[in-house]
Amino acid sequence: MAENIGTLFQWLIFLGVAFISILASLLLVTRKNPIHSALFLVLNFLCVAVLYILLYSQFIAIIQVVVYAGAIVMLIVFVIMLLDLEVELRSGLKFSYTKLIGGFLALFFFLGIFYAVVAKSPTGKIGSSYTSENITNNVKAVGEVLFTQYLFPFEIVSILLVVAMVGAVILSKKRA
Amino acid sequence: MWVVPAIPPALFLVLSGILFTIGVIGALTRRNAIVVFMCIELMLNSVNLSFITFSRFLRSMDGVLFAFFVIAVAAAEAAVGLAIFVMLYRSRETINVDEINLLKW
C-alpha cells in the first residue's frame, strides 16, 4: 500500500512537471521579448531537474540547477541586456512560408522519434554499476566512475573550458 | 490488490522528443540569434534527459557521465557563442540571423 502511494505520487509529479516543461518551452519559442524567453528557459531547466531527481540522479539535478539554470542563463540575460534590441523587439514575429515548412519538417521529425520510442521497448546492454546502494550514494558513484574510467575525457573537458574562456576573452576584446 | 505501475521509460523518452522538437521548431523559425541559441540549449537539455533515462533503466552509470560532459560542452559553447554575438552586434548593429550571411566583410 505504501509503495502504491509512492508510485502514485511519482506519477503525479511526473505528469505535472512534464506539462509545465512543455508549456515553458512553447512559451520560450513564441515570446517576442528575449528576456521572457530566457526566464521560461530557466523554468524549463528547473522542471527537467525535478525529472532527474525522479530518475534518482541527484548529482545531475544539482549540476543542472547550478550550471544551466544559474550560470548559462545568467550569461544569456547579461548579453541580452548588453545588446540594444529595441528595433528587433518592435519588428515582431513575421509569418513566412519557410517557417511553415520548417515547422512541418520538425513535426515529421517528432513523429519519427515517437515511432522509434513506442514501436519497440528500448534495448541495450544492462550495466552493473547501478546497484541499490549506488542509488542512495549517487554523487559518490558518479565520482568513482568519473575519476577512474572517464579520467581522460574529464581532462580533455578541462582543456576545452580553458580554450573557450580564452576564446571568449579574445573575441570580446575591443580592436586596438 | 491493484498495483500502480512504475513510470515507463518510454514516457520520459517521448517527453524528451517533444522538448527536442520544440527546440528544433524554435531554431528553424526564430530570427533573433540569442533566441536561436536558447533553443539549441533546450535541445541539448532534452538529449541529456534521454541520456539519464537510459542510464536509469539500463542500470549503468555511463549515461550520467555523458550528460555531465554535454553540460560542460554547453557551458563552453555559451561563453564563445555569446562573445560572438557581442562582437557581431558591435560591427553590424544587428543579431538577426537573416542579415548575418557573410563570414567576412
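Analyst: Start with the word contact: two residues touch when heavy atoms lie within 4.5 Å. In this predicted model, local features need pLDDT of at least 70 and side-chain atom pairs 80 or more, while totals for chains, interfaces and linings use all residues. Residues are numbered from 1 along each chain as its sequence is written, chains are lettered from A and ligands numbered from 1 in written order, and side-chain values use heavy atoms, without hydrogens and water.

User: How many residues of chain A and chain B are in contact?

Analyst: 87 residues of chain A meet 74 of chain B.

User: What area is buried between them?

Analyst: Interface size is often given as accessible area lost when parts come together. Here, about 7100 Å² is buried (1.4 Å probe, summed over both parts), and carbon and sulfur atoms give 79% of that.

User: Which helix of chain A supplies the largest share of its touching side?

Analyst: Helices are DSSP runs (H or I, at least four residues), numbered from the N terminus. H1(A) leads with 14 residues.

User: At what angle do H3(A) and H2(B) pack?

Analyst: Using lines fitted to C-alpha atoms over the stretch in contact, angles run from 0 to 180 degrees between N-to-C directions. These two pack at about 175°, axes 12 Å apart, so they're roughly antiparallel (over 145 degrees). Residues making the contact include A:Tyr68 and A:Ile72 of H3(A), and B:Phe37 and B:Leu44 of H2(B).

Methods: Buried area is the accessible area (1.4 Å probe) that two parts lose on being put together, summed over both. Angles under 35 degrees count as roughly parallel, over 145 as roughly antiparallel, 65 to 115 as roughly perpendicular and the rest as oblique.
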